[in-house]
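I set out here, entry by entry, what I looked up in this structure. The entries follow the order in which I consulted it.

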Amino acid sequence: MADKLEVKQGTLALMILRTLKVLGPLHGYGIARRIEETSKNRLTLNYGTLYPALLKLEQEGFIKAEWRQSENNRRAKYYALTAAGHKQLAREAREWHKTADLIAAFLAPRREAL
Amino acid sequence: MAQNRGPDRRVSCATAGGPLRHLRAALARIAGLFARYRADDDLRDELQSHLDMETAEYIRRGMPPAAARRRAQLASGGLTQAAESDRAPRGLPWFDSVIADIRYALRALRRSPAFTTAVVITLALGIGANTAIFSVLRGVLLKPLPHRDGDRLIYLRQSTDGPGGANLSFSVPEISDFREHARSLGSIAEYSTWFLTLQGDSDAVRIDVGLVTGNFFEVMGLSPVLGRLTQPSDDGTDVPPVMVLTHEFWLRRFGGDSSIVGRQVRLDGTPVTVIGVVEAAPFFPGRMDALLNIVISKHHSSALMVLDRTHRMTEMVARLAPGATVAEARAEVVTIRTRIQREFKEAYDPGSHYRVAVIPFKEVMGERARPTLWLLMGAAAFVLVISVANVVNLTLMRGVRRGHELVVRAALGAGVLRLRRLLLVENLLLTAIAGSVGVLIAHGGLGLLVSLAARYSPRASEIRLDAPVLGFTIALALIVALLLSFTVPLPKEGTLAGWISAGGRWVGGSPRGRRLQRGLVIAQVAVSVVLLAGAGLLTRTMMQLSGVDTGLTSGDVLTMSVPLVNPARVSAAADAAAKVSYDRMRREIRVLPGVMEVGLGSTMPLRSSTIQIDVRVEGERHAMDQPMPRADFRTASAEYFRAAGISLLGGREFSPADRAGADKVVIVNRTFADWYFPGANPLGRRIAWTGEVLRFTPFSREWRTIVGVVGNTRDGGLDAEPRPVVFMPFAQEFAMFGGLVIRADGDASALATAATRIVHRIAPTAPIENVLTVAQIKDESLAPRRLNAVLISLFGLLSVCIAAVGIAGVLGYSVSARTNEIGIRMSLGADAGRVQRMVLGEGGVLLAIGLALGLIGAYFATGVIRGLLFGVPPHDPATFIGVAVMTAVIGVAACWIPARRAARIDPAIAMRL
């Protein structure tokens, strides 16, 4: 447990959007599981983090929610990407790549110095 | 069914983007506020389903159900915790706490009803006064004109030096100069103010009309509400006369009857078609009942009128050409005028200094009201400043009592911001209540203010408590609330220790708070002194005015105007018939019981004549660099002077022998004698009317012998210097205008009914106007001044009372805070008198500083109102001393109460505190 990471600020929304894009409509539990699996269990998500993030995305209009029967006949709230959500995902992903490149450039050992 | 849960929280708008996104989130939050309970259920269900799925997962992996459930709960964090942390972004947390603050503030205000009432009353008076005065200021001065593009409308005014030269109007050729040459003036309309008699079925009324060119409404930017307005095809002499009613007259006279359009009415015996009703709008220089094309007046369409450069009877209004500015128009008018005055020397004698001013129409309409209104606005602002100062003081003192509670709140984690907000919410509540009461006060006082404004401005009917005025009130209330909340010192953030060590004495008890309190009291006293000084000067002005010698001997005199002959259509036959009627009226009223004398004359005493005529004195030459000698003309019967009470200073009165055909004689007033015969005896000298204006009067240029000199009367208002007047015998000249002066040996107003009945019987179609006693005429000219003085005095008294309460309150607080110390002093031998003097001294210092500052302020402030004063210098020492004494007396009285209380402190009790 000690090497598990807290979810970095701002990244959770991107993960949720991406998950919904890949898997289609999904309930909160499914999203949490999927994120944990994708991170190879290096991330933990609890309700207190996940559901506020979902609510925020819903209020911003990037995802929409709907109560449905789940595959094993439970009632669950399913989230799905809206059109705005698709665009937002593309935008955030782009920005994230840029940031990641930037940080990588900073952290890379400088050849001149070697 | 389940799908329908909480759909109101969902925002379907699908566009993404910065500000929109925030807006959408904010909307969702607000929606969330109302969907709170439903949303809570929804969330609980969702979390439960999450938990169920997680449990199922563990069971699938082979755990026993109970353990699986426990594991699931642990893995996902506490349910309640999630629900709680999820709630924060959903509703509006600050909104919830503001609701709590409001609830709390209401409770606190209810708990101290005395404080609440004091604050609400003080602020309501301040806000009410400001709202009321602002509504007048806005209606009369600030509001855009109702005319289309009203800010492009320009009024031109021609004036000269010398008596009666303030507004000469223009002649038609003069207007043509501008129409042809001024490129910055896009279009120019002409109008002449006139009056006509409208014959109704059973009565006749004089109506004020404007004789306008066809383009008048186009230039003015006014539209009809009914029918049509005049147009260029109504110009000329071979067109039928048409009449456009003003909105106000249409309602008043015809009850808003829309069938009036197309009907014919009789004006001075001529049938005239009503073609329309114009929208409500102010006219200048005064109210108008109707506007007609010029053909109705033979005189106004005569060759004399159209061709004579000095025949100045027409007003001029213009619309700036597109892109032109007022400054350009001004420059152009000066250029044109300089050239014209060189070209037509005979029309502009150089001594009179003819000039033309270019004034935006909106400004000219407000020019008489402006000084008074800004004065009132300033006074009202002062009252508000004093009220706010008082409330800050009250808040400070209450703060002392609340200190403990606020310290506890601070200790529990409320930051300074949070405490400020609490104060703000409380003060907003107070000012909201006070503002509402203030609007009611303003509403109540509006009638009075409209009647005041109507004396100064044609726009008085536009005064309302409308949205912008209420906006002003709300802004005022907000500012006051902010001031109240942020002038009260709070300890800086992070010094909780300081708070606690200060204990309950954190605000008023601190040196900072005490200094603030004292400063406020000084300011209150100073501002009150300034206001009282203004009030004193205006009151003295009023007293001076009512003490002015009107020139009439005392006694009860009734006057009425009964114009029988239309001055524009004087004919020998009409004149002879009118004279017979006037003489019958005079004789029949003379024998009424209680009547001592009845005189006939063109103009009633204390009323100004509208026309001045140039005068020539036999044997004198008019120097070119002097203003042309002019005089008001009047006619008077032999009995007029005795009936009116005008004293004969020399020579004789008119006699029945001064009739048509006899030698022409005149009586002049004292000013005339002094101006044109300085140091010489005017009796027996001869004068003659002259000049261009004479040509449209029925008077001849013959020499007339001065047979008498009478005293001056204040005809142009009590504050105006008497002008030179020439009286001609009523029987010797045409009976223009015409009215009766009736001297009674008792109550003159009691004669009104009997006298008007006689007049009506003799001349059933003649309008009877201004049936007023001389005392009423005098009163009418005093009324606006009186209202001014009363309003400012009211503001002054209000402020001094509030200031007195302020002093008493601050000293009272100081005494109660020092009870212990005073107890010690007394037990050490200070007697009651000494303690009392100590407290009085403390108040006295504040009072003295305030008084000194106030007198200095008043010295500068009263210079501003110089123009509104009469017979009193702006730095009148008597007024200043009076104000100082009055403030000192009220201030000391206010200090007396807490001083007495201090003196009565029982040291044995005080020491135990």
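Entry 1. I began with Pro285(B), which lies in the loop between β7 (270–278) and β8 (290–293) of chain B. I noted that the model is a predicted one. The peptide bond that joins Phe284(B) to Pro285(B) is cis, with omega at about 5°. I recorded this bond because most peptide bonds are trans.

Entry 2. Most residues other than glycine have a negative phi. Asp149(B) is placed in the loop between α6 (113–142) and β1 (153–159) of chain B. His353(B) sits in the loop between α11 (326–343) and β10 (355–360) of that chain. I then looked up their surroundings. Asp149(B) has 11 other C-beta atoms within 10 Å, so it is exposed. His353(B) has 13 other C-beta atoms within 10 Å and is therefore partly exposed.

Entry 3. I turned to chain B as a whole. I counted 26 helices and 21 strands in its secondary structure. Chain B has 913 residues, of which 42% count as buried. Of its contacts with a separation of 6 or more, 82% are between residues 24 or more positions apart.

Entry 4. Which residues have the most contacts inside the largest nonpolar core? They are Val383(B) and Ile807(B), and the core has 106 residues. Helix α17 (residues 511–546) of chain B supplies the largest share of this core, 17 residues. Leaving aside residues up to four places away in sequence, I listed what Val383(B) touches: Leu125(B), Gly126(B), Ala129(B), Phe795(B), Leu798(B) and Ser799(B). Another core, of 65 residues, lies apart from the largest one; I noted Val595(B), Ile646(B), Phe672(B) and Ala766(B) among its residues.

Entry 5. Is Asp906(B) buried or exposed? With 10 other C-beta atoms within 10 Å, Asp906(B) is exposed, because 12 or fewer is the cut-off. I located Asp906(B) in the loop between α25 (877–903) and α26 (907–910) of chain B. From Asp906(B) to Thr819(B) I read 9.4 Å, C-alpha to C-alpha, for a separation of 87 residues in sequence.

Entry 6. I moved to chain A. Its 4 helices and 3 strands follow the pattern α-β-α-α-β-β-α along the sequence. Chain A has 114 residues, and 32% of them count as buried. Among its contacts between residues at least 6 apart in sequence, 51% join residues at least 24 apart.

Entry 7. How do α1(A) and α2(A) cross? Their axes come within 10 Å and cross at roughly 100°. The two helices, α1(A) and α2(A), are therefore roughly perpendicular to each other. On the α1(A) side the contact is made by Met15(A), Ile16(A), Thr19(A) and Leu23(A), and on the α2(A) side by Ile31(A), Arg34(A) and Ile35(A). I sorted the residues of this contact into 5 nonpolar, 1 polar and 1 charged.

Entry 8. The buried residues of α4(A) are Ala84(A), Gly85(A), Gln88(A) and Leu89(A). These buried residues of α4(A) pack against α1 (11–23), β2 (63–69) and β3 (75–81) of chain A.

Notes
Residues numbered from 1 in each chain as written. Chains lettered and ligands numbered in written order. Predicted model: local features only at pLDDT ≥ 70, side-chain atom pairs only at ≥ 80, totals over all residues. Buried ≥ 20, exposed ≤ 12 C-beta atoms within 10 Å, placed from the backbone. Contact = placed C-beta atoms within 7 Å. Axes fitted to C-alpha atoms, helices over the stretch in contact; angles between N-to-C directions. Parallel < 35°, antiparallel > 145°, perpendicular 65-115°, else oblique. Nonpolar A, V, L, I, M, F, W, Y, C, P; charged D, E, K, R; others polar. Core = buried A, V, L, I, M, F, W, Y, C linked by C-beta atoms within 7 Å.
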